[in-house]
Amino acid sequence: MKIEMLYLLLGFATVLAPLAQGQSTPPQPKITGVLTILTPKPGVTVEQVMKIMPAEIRATVPLYLDGKIQQWFTRGDGKGVIFLLNCKDVAEARALIESLPLSKENLVDEQFIPVGPLLPLGILLRDSPANK
């Protein structure tokens with residue numbers, strides 16, 4: 001099975017499982033972090049980014065060491081970075097990112113995606129013999 005199909009099925013399971021149980025709306029997932037994607041704004045040059053990069057590094061390393069940045073990655077296409085932030089919601093993540101030099105200089109576009117445990121996994125626990 002292709003991974004795309006698996007993601008599609010898991011997405012449907014997240015939405016359809018509560019409906020099958022007679023609930024009118026799916027339960028809201030518990031937010032355990034915020035996936036944050038930063039990409040240079042259109043027209044921003046590498047030189048502009050590199051000018052700010054030493055200050056950006058000095059600002060992000062303490063966040064990593066304090067546990068606010070759980071994981072960080074360079075995008076495989078070279079078009080920015082991805083942080084998995086230990087934040088309770090998008091507002092907290094936005095405040096954290098907007099305090100960083102590249103954001104303060106308005107050089108990056110920001111995307112914030114709240115994430116949490118996969119809801120359909122609860123179905124496995126609910127339907128297990130130990131819970132009957």
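The largest pocket in this predicted model is lined by 23 residues, and Val49, Met53, Gly80, Val81 and Leu102 lie nearest its centre. A pocket here is an open set of points on a 1 Å grid over the protein atoms alone, with protein on both sides within 12 Å along at least five of seven lines, and a lining residue has an atom within 4 Å of a point. About 490 Å³ of space lies in this pocket, the volume being the space filled by probe spheres set on the points, which are joined across faces, edges and corners.

By class, the lining holds 15 nonpolar, six polar and two charged residues. Ala, Val, Leu, Ile, Met, Phe, Trp, Tyr, Cys and Pro count as nonpolar, Asp, Glu, Lys and Arg as charged, and the others, Gly among them, as polar. At least two lining residues come from each of β1 (33-40), α2 (46-65), β2 (69-74) and β3 (81-85). α2 gives the most, with eight.

In the loop between α4 (101-104) and β4 (108-115) lies Asn106. Its phi is near 60°, a positive value in a residue other than glycine. Most residues other than glycine have a negative phi.

Residues are numbered from 1 along each chain as its sequence is written. Local features need pLDDT of at least 70, side-chain atom pairs count only at pLDDT 80 or more, totals for chains, interfaces and linings use all residues, and side-chain values use heavy atoms, without hydrogens and water.

How values were computed: Helices (H or I, at least four residues) and strands (E, at least two) are DSSP runs, numbered from the N terminus. On a 1 Å grid over the protein atoms alone, a cavity is a set of points where a 1.4 Å probe fits but cannot get out, and a pocket is an open set with protein on both sides within 12 Å along at least five of seven lines; lining residues have an atom within 4 Å of a point.
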